[in-house]
Amino acid sequence: MFVRLVMPEFTQLLVNAGSGDETAIEHLFAQVYGDLRLLATQRLAQEAPGNTLQPTALVHEVYLRLIKSTNQILRPEDLPGDSRSRFFAAAANAMRRILIESARRKKRDKHGGTHQRIALDPDQVAEPEMAEELLALDEALTILASIEPQIAELVTLRYFGGLTLKESAVILGIAPRTADAHWAYARAWLLAEIQQSAENSEF
Amino acid sequence: MREREIFTEALNRPGQAERSGYLEEACGGDPALRSRIEKLLSLHDSDSPLLGLKPTDILRGLTEPTNQTKTASNRAALSDVEAKSGTVIDHRYKLIEKIGEGGVGEVWVAGQTMPMQRRVALKLIRAGMDSRMVMARFEQERQVLSLMDHPNIANALDGGITSAGQPYLVMELVNGLPLMKFCEEAKLSPRARLDLFVLICHAVQHAHQKGIIHRDLKPANILVSWVDGRPAPKIIDFGISKVMRGNGEESFPATQAGLVIGTLEYMSPEQTKFSGHNIDTRTDIYALGVILYELLTGTRPIEPEVIRNSGMAEIVRMIQETVPAKPSSRVLTETAFSSDVFGKLEKKKLAALLRGELDWVVMKCLEKDRERRYDTANSLARDIENYLSDRPVEARPPSASYLLRKFYRRNKLPFLGFALALLALVGGVIGTSIGLIREEKARIAELAASEKAQRRLEKSRKANEILASIFEKTNPRDFANGGRPLQELMAERLGQAVDELDSLSDEDPKEAVVLQYRLGTSLIGLEDYNKAIKILEKSLATLKSLDEPDSELTIEMTRQLAEAYLRSGKRDVALGHLEHALLLSRTRFGVDNKTTLALMGELGNCYLEMRRQKEARLILEEVLGRQKALFGNDYHRDMVMTLSSLSVAVEDDWATTAVLLEEATQVLNKLKTRDVETELNIQQNLGVAYAHLGKLDQSERLLLDTVARNEVRFGRDHSFTLSSNSALAHTYRRQKQYEKARSLFEDLARRSEMKMDRDNPLTLNAIGNLGVTYREMGRFQEAIPFLEEAHKMSVKYPELDFAGKHLYECYRRCGQKEKSAKLAKELGIPPWQGFLNNVGDSFLDRAKPK
């Protein structure tokens with residue numbers, strides 16, 4: 001395959017991660033996380049207030065940037081399947097972490113933290129209540145991951161990574177129908193979990 | 001997990017009664033499980049926005065979604081019935097008014113409720129088109145579109161799949177008039193129209209740089225409004241035709257219901273071909289040409305009358321074959337502007353304005369062969385700016401430019417060294433002069449002897465003089481030349497021309513670059529690599545400063561530069577340039593493109609030279625596969641080259657090599673034009689393969705013939721000739737004709753050093769092999785200095801690896817224990833092997849009859 005030929009670090013990293021090399025997977029995550037964060041900052045700075053950020057576009061752009069830094073052009077679909085999955089998984093998880101971190105910060109601010117607003121901060125969460133919802137979702141998702149890891153991964157890919165159901169299914173190696181059923185279950189399960197923990201905390 | 005399975009299964013039972021019946025049965029006597037599942041089911045049907053909003057939306061601080069409609073009712077509304085106004089899509093877009101409908105979908109004005117209140121254009125793809133393939137493709141394209149960000153392009157804002165599974169796209173809603181209508185109403189002058197057109201070109205360039213092709217550029221897709229007292233265009237539907245069409249292939253418009261014939265008029269010849277899969281950015285350049293034509297003449301290249309009265313097939317034929325009337329002529333016809341459109345400017349004055357440069361610019365866009373259109377939207381814009389600021393334009397009247405190009409193509413100078421070649425070249429110069437004179441005549445007539453014409457004539461004359469100077473007094477029989485060979489004289493003249501070009505480059509850098517490029521390739525043909533590198537580096541730098549880092553010329557020049565470096569032995573540098581050229585080409589043309597594949601092939605060759613056989617083989621196999629798919633049954637010279645390279649890459653499998661070369665020969669014979677250079681190359685490789693397969697007589701016959709023909713064609717000292725001689729010497733060696741081999745290698749080493757350098761792979765190879773031959777003759781002492789030199793350089797040129805083990809053998813045989821031990825260590829030869837060898841030697845020596 002041509003991909004293996006002219007292949008400096010990033011693509012090599014992808015391929016290694018694709019074959020299950022743990023260090024490579026961690027390294028990949030760090031790489032994607034750093035770039036994604038930077039990009040989100042820039043994007044929020046450029047965009048008119050009120051515009052939405054597209055996780056999908058962000059992830060793709062991060063991909064393009066990483067690839068560009070290696071001076072070659074490989075579209076995600078040119079990559080061997082395993083490496084592609086690793087990339088999107090890393091990106092979705094990085095996205096999740098970025099969002100959750102910012103939600104946490106916002107929550108801290110609400111409880112009397114610094115109140116200085118910096119316009120260019122990607123961690124800007126306007127409505128603290130929203131931030132709490134996001135945190136609740138994250139917690140519920142973590143619990144789900146301990147019971148149904150694959151279903152939790154599906155939620156991460158689709159919700160945080162901005163992938164379509166079909167794309168997520170391909171990456172997880174399951175049929176679209178199955179992904180569909182998993183998604184319905186996950187949504188109901190998470191709702192139940194969030195309600196449950198809300199009730200508990202009221203007592 | 002049981003809970004999940006029951007939940008999933010229950011969802012599949014639609015009716016309430018059926019569902020509870022199932023739960024009764026599945027949960028049996030476990031009321032806790034049953035109530036848990038019932039809770040999950042009720043949550044599933046609830047309207048909670050969980051996982052419905054994008055996490056990033058939440059972060060932007062969006063308020064609660066309003067206008068929520070029940071997902072279920074939404075689903076029914078969209079899949080079974082037509083979308084109605086009032087329908088809310090994805091909790092965010094409320095359809096207000098349908099403003100368009102086509103074969104593939106509908107366009108709505110929609111009110112966006114969140115994250116902000118605004119109106120948007122929402123394109124809904126018709127239900128029934130939502131096959132998985134279409135949707136996957138759609139999603140991918142949508143993501144690419146969101147990378148565009150330009151004030152003159154309507155942004156793709158959002159998109160997704162409705163709950164009913166219909167793909168939709170949200171675009172910026174643009175207020176403005178379609179281009180032609182705006183120009184008419186605003187009574188824009190030709191100049192203002194050109195200014196506006198330049199803005200459009202820049203926007204198109206932006207999208208092209210992101211890899212997005214519009215495919216359906218036309219005045220109706222360019223909306224113009226006044227912004228700050230100036231006309232501001234917005235291009236809509238960028239890349240949409242691809243998204244809407246869904247599949248990657250272009251399909252003929254007639255097969256797409258709803259595409260009106262009017263669109264055909266902006267369609268490029270390549271788009272009207274049934275097999276027209278490979279659309280590229282130059283397709284948009286064509287459409288821009290039609291738009292410019294219409295802006296300047298008020299009518300399109302094909303008369304509306306003709307469109308009305310002709311069948312589809314006829315229109316398509318005209319698009320593919322008929323060269324339209326020049327704008328300056330067309331403007332005088334009845335269909336052009338009614339004469340008052342430009343205020344007082346009458347049609348005749350308008351025709352005079354268009355005649356010449358503007359004609360050329362438009363016609364260059366409308367070239368049937370896209371290779372001859374502008375490379376980029378930017379270069380089109382620049383040419384119009386050139387016109388507007390009275391600088392000469394790049395476009396030329398078609399006929400003369402065609403002649404000129406043909407001349408250049410004819411004269412890549414690979415066959416210098418003969419009187420015949422001289423004749424051909426002089427003929428070429430005369431040809432150019434005729435071309436230039438014709439061109440000038442045409443221009444002078446058209447520009448009515450203006451000052452501009454004078455300037456350009458002067459410049460052409462100068463360029464011509466420089467070209468002609470190369471051939472002055474090159475007669476080898478002329479005493480003044482001291483009997484020096486023609487090739488040497490030519491190289492010297494080319495060198496002088498290179499210097500003279502410097503003065504020209506100040507005045508017209510672009511023109512100078514093209515000439516420098518031609519001289520550079522000629523110098524490579526003459527094997528004067530250092531000069532070639534110097535001039536190509538320089539012109540590449542100029543190109544970069546001209547802001548054309550990705551033009552075709554850049555790609556081609558980078559490729560030539562890589563070749564010059566490769567042949568002069570600087571492989572790492574060559575590799576870098578090749579990879580760069582490949583990157584540019586892949587970005588520009590994609591992978592399955594002649595240029596890109598040729599570059600990949602060259603990369604393979606470069607790996608071969610670096611002895612990275614595995615990589616070479618992988619890439620060459622890929623190239624061959626893609627070329628076979630691309631060229632199909634039309635055999636192509638490039639495929640022959642790939643086969644030939646691949647045959648070298650399958651190292652140590654000489655039978656395969658021979659098979660590949662025989663296949664290459666077959667393809668070669670099917671080509672329309674004979675390609676002797678490649679033919680000789682293959683014949684030589686076949687000779688080498690036969691030698692390895694033990695068919696020594698066949699090998700000798702082939703190689704003797706190759707050497708003789710190379711000598712005639714390229715000259716005695718050309719590297720092609722030297723290389724075939726080296727192959728022949730190897731065959732002599734295998735035949736144990738040692739004396740013949742030895743003297744040939746010795747001769748080669750000397751000739752190669754004189755021609756190139758001592759530090760050159762060809763020279764060092766001959767030196768090393770001279771050593772090997774001495775060794776095989778049993779003259780170990782004489783072999784040592786040659787092998788030592790080759791071995792020392794094997795760090796730089798890995799193909800000299802062979803020298804090491806021969807050298808070790810010679811040291812051993814001459815009893816130089818210290819040196820042989822040191823070398824053994826270096827080569828990783830275990831000590832016991834040396835011992836065994838010694839035993840073997842003494843055994844052999846004893847067995848030898850005295």
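This briefing covers chain B of a predicted model, from overall confidence down to single residues.

Local features need pLDDT of at least 70, side-chain atom pairs count only at pLDDT 80 or more, and totals for chains, interfaces and linings use all residues. Residues are numbered from 1 along each chain as its sequence is written, while chains are lettered from A and ligands numbered from 1 in the order in which they are written. Chain B has 37 helices and nine strands. These are DSSP runs numbered from the N terminus: H or I of at least four residues for helices, E of at least two for strands.

**Confidence**

- The model scores ipTM 0.73 and pTM 0.39.
- Mean pLDDT for chain B is 74, and 70% of its residues reach 70 or more. pLDDT is the predictor's confidence in each residue, from 0 to 100.
- Over residues 58-81 of chain B, pLDDT stays under 50; the model has 45 contacts beyond four places in sequence for this stretch. Two residues are in contact if their C-beta atoms, placed from the backbone, lie within 7 Å.
- Residues 245-262 of chain B also stay under 50 in pLDDT, with 26 contacts beyond four places in sequence.

- Of the 850 residues of chain B, 42% count as buried. Buried means 20 or more other C-beta atoms within 10 Å of the residue's own, exposed means 12 or fewer, and partly exposed lies in between; C-beta atoms are placed from the backbone.
- Take the contacts in chain B between residues at least 6 apart in sequence: 59% join residues at least 24 apart.

**The sheet E7-E8-E9**

- Three strands of chain B form an open sheet in the order E7-E8-E9, with antiparallel pairing. Its edge strands are E7 (177-178) and E9 (230-235), each pairing on one side only.
- Pairing requires at least two DSSP bridges between two strands. E7(B) and E8(B) (residues 222-227) have two bridges, and six join E8(B) to E9(B).
- B:Leu223 in E8(B) stands opposite B:Pro178. In E9(B), the bridge partner of B:Leu223 is B:Lys234.
- E8(B) and E9(B) form a hairpin with two residues between them.
- Helix H8 (residues 190-209) of chain B lies across E8 and E9 and runs at about 30 degrees to E9(B). Axes are lines fitted to C-alpha atoms, for helices over the stretch in contact, and angles run from 0 to 180 degrees between N-to-C directions.

**Helix H16**

- H16(B) spans residues 377-388, and its end C-alpha atoms are 17 Å apart. The expected span is 1.5 Å times one less than the number of residues.
- Its buried residues include B:Ala377, B:Leu380, B:Arg382, B:Asp383 and B:Ile384.
- The buried residues of H16(B) pack against H8, H10 (281-297) and H15 (357-365) of chain B.
- B:Asp390 follows H16(B) and has a positive phi, near 65 degrees.

**Positive phi in loops**

- B:Asp228 is not a glycine, yet its phi is positive, about 50 degrees. B:Asp228 lies in the loop between E8 and E9 of chain B. B:Asp228 is exposed, because 5 other C-beta atoms lie within 10 Å.
- B:Lys736, also not a glycine, has a positive phi of about 65 degrees. B:Lys736 sits in the loop between H31 (719-734) and H32 (738-755) of chain B. B:Lys736 has 11 C-beta neighbours inside 10 Å, so B:Lys736 counts as exposed.
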